[in-house]
Every structure is written in structure tokens, then in C-alpha cells.
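Q: I've got a structure to go through with you. Can you take me through some rings and helix packing?

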Amino acid sequence: MALTIGVDIGGTKIASGVVAEDGRILDRALRPTPADSPELVADAIADAVAELAARHAVEAVGLGAAGFVDETRSNVRFAPNLAWREEPLRKKVTELVGLPVVVENDANATAWGEYRFGAGRGESHVVCVALGTGIGGGIVLGGDLYRGRWGMGAELGHMQVVPEGLPCGCGNHGCWEQYASGNALVRQARINAAADPSAAARLLDLAGGAPDGIVGQHVTAAAREGDAAALAAFEFVAGWLAQGLADLAAVLDPGCFIIGGGVSGAADLFLDRVRDDYAARLTGRGHRPLAGIRAAELGPAAGMVGAADLARLR
Ligand SMILES: [Zn+2]
């Protein structure tokens, strides 16, 4: 059985694992991310790979990197949370580990993992939307990962949905991720609680009394207990999520959407609403099949599993 290593390189930790052909994770190694130094990041990746390779016969390494990966799948052009600028990541890590290495954007690797082994199994056209600090996107079309001409495609979170809207970390205004991410959920819950504290009694109780103390877990917990402000925050995010999915369907016509990221743990609180709103806003509605809208299945390991599989298929 061919084994490969998948490495998910995030802003705070480097999660690596040995992955079998069927997507099972057989072993893991974790390192903190030395975010300030590209050299130390490469060393930490190599160290984790060496630990795993000493215990398993592995044939290749896939790296999922939180940044813009170029079309040769070798260099990271830029990373918002790491010191990578035109970083030759593939070359560096190949020299350190002595195994074939592929580099993939982390959201693409996550989408690939869900397509192969998670909620997208059996589908050929899949759009993965990960709701966290922002919105990560990955697109599989006809069984191939869609990267765009220069490797920069599927940055779904930065579609502008509101002209002159909220400022985004990317420098533009009104990006989708300002309205339909985990951060958007918390922001809206704080706004709701400040506007009408009596409708947010449980939410404010969990948050220690002040709207600014509200975090994601408070919104989910309060919504489960029927808190009106928390439920309204989920409705806000569900509406904007549905609008973005309907727009994506107009362009891509996927067979299913997979909703991942931290917020997907609360899928039961908002996905039905997303499905209803999506069906109501879809162009050609009533005359086309409805894409499935499903919660992700692999959780935080999807990126590691996807990167390992991409290394196997290199
Ligand atoms: Zn943006």
C-alpha cells in the first residue's frame, strides 16, 4: 500500500500525517509554526517529515500552504500570516527531505480531501467553502482541481457582494467573507446584542455581560438554547452564504457545495435555511436540479489528507 505524508502548514501550527490510499490517517506529527522565518518553517516541516518517515515507508510529501501558490505548484507567492514572499517552498523542502514534494494552496487541499474521501465522494463537480476567519474556497471540476491560469483561482471569499461594503483584509470593500464567515457570525451577534440586549440575554450571559466578549462558541451555544440574537446572527450568515452559493452556481453549476471550517460544526443550526434561500435565489430555479449543500465530513484533517493524496497522484 502506497503511503504519503500530508502537511497542513497554518499560521500557528504545522500538522503532518501519514495517509493511506483510502484516506485513513495512520500516524501524526505536530510542530509549532515559526511564522517569522521561511527557513525555520522549512526546517520544521522537514523535521516532522523525518519523524514520520522513520516509522513508515512513504513515497512522497504533499504540502498544503496557507498562501498563494503559483501555477507550477512550487513557489508560494505570498502568505498573509507567514513570512513567505516568492518562497521556493518545493525546492527547499525537497532538498531537506529527499522525497518528491508537491505544494498546494491549503483550501485547495481541503477541497480535494473532501472530494476524494469526505462529503464530496461520488461527485465530479464540487465547490468547497470553508467558513472561518475568512472564507476559504476550493473547486473541483470534472474530477480535476481547478487552480486558474496562475494558481490563484478559487479565492471565493473575495467576491464583492456589497458595493462600498465592510472593509476586508485584502484591501477591498464588501467581500463575501465579511458577511458569511465565522468572523461575520460573531460580528453580527455582537451588533444584535448591542442593539437589543433583552433579546440576547443568554448570549450576553455566556459572554460575561458585554457584546465585545462574544466569541463563536457563545453564538452557537446560545442559538441552541433559543437565544433570539444568536439565531438572528446565524440567519444573517445563512442568507449571505446562500446568495454567494447561488452566484457560484450561476457560473460553475456544481453537483454539490461542501460547507467546512469551524462554523460547519453548527451546520444543523443554519444549513436548512441556506438550502431554502439558495433555492429561492438560484437563476433558472424550478427548471434545474438543485446542488446538494452538505456539511464537511473530515474536519480539520481534510487539508492534510488532501495534500497527501495530491502527492500520491502527482
Ligand atoms: Zn477581500
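Q: Quick one to start: how exposed is Phe 68?
A: Phe 68 has 25% relative accessibility, so it counts as partly exposed. Buried means under 20% relative accessible area, exposed means over 50%, and partly exposed is in between, with a 1.4 Å probe and protein chains only.

Q: What should I know about the model and the numbering?
A: This is a predicted model: local features need pLDDT of at least 70, side-chain atom pairs count only at pLDDT 80 or more, and totals for chains, interfaces and linings use all residues. Residues are numbered from 1 along each chain as its sequence is written, and side-chain values use heavy atoms, with hydrogens and water left out.

Q: OK, rings. How many aromatic pairs are there?
A: The count is five aromatic pairs. Rings of Phe, Tyr and Trp (its six-membered ring) pair if their centres lie within 6.5 Å. Planes under 30 degrees apart are stacked, over 60 edge-to-face, and the rest tilted.

Q: What is the geometry of Phe 68 with Phe 78?
A: Stacked, at 6.3 Å centre to centre with 25° between the planes.

Q: Which parts does that pair tie together?
A: Phe 68 lies in strand S5 (residues 68–69) and Phe 78 in strand S6 (residues 76–78), so the pair links parts ten residues apart in sequence. Strands (E, at least two residues) and helices (H or I, at least four) are DSSP runs, numbered from the N terminus. Phe 78 is partly exposed, at 33% relative accessible area.

Q: And Trp 112 with Tyr 115, what kind of pair?
A: A tilted one: 4.9 Å centre to centre, 50° between the planes. Both residues lie in helix H3 (residues 106–117), three residues apart, about one turn of the helix.

Q: Switching to helices. At what angle do H7 and H8 cross?
A: Roughly 110°, with the axes of H7 (residues 216–224) and H8 (residues 228–252) coming within 7 Å. That makes H7 roughly perpendicular to H8. Angles of 65 to 115 degrees count as roughly perpendicular, under 35 as roughly parallel, over 145 as roughly antiparallel, and the rest as oblique. Axes are lines fitted to C-alpha atoms, for helices over the stretch in contact, and angles run from 0 to 180 degrees between N-to-C directions.

Q: Which residues make the contact?
A: H7 brings Val 219, Thr 220, Ala 222 and Ala 223, and H8 brings Ala 230, Leu 231, Ala 233 and Phe 234. Contact means heavy atoms within 4.5 Å.

Q: What about H8 and H9, what angle there?
A: About 45°, with the axes of H8 and H9 (residues 267–281) 8 Å apart. That makes H8 oblique to H9. The contact includes Phe 234 and Leu 245 of H8, and Phe 270 and Tyr 278 of H9.

Q: Where does Asn 192 sit?
A: In helix H5 (residues 182–195). Asn 192 is buried, at 17% relative accessible area.

Q: What does Asn 192 touch?
A: Ala 229, Ala 232 and Ala 233, leaving out residues up to four places away in sequence.

Q: Last one: how many residues of H10 are buried?
A: Eleven of its eleven, so to speak for residues 302–312. Among them are Met 304, Asp 309 and Arg 312.
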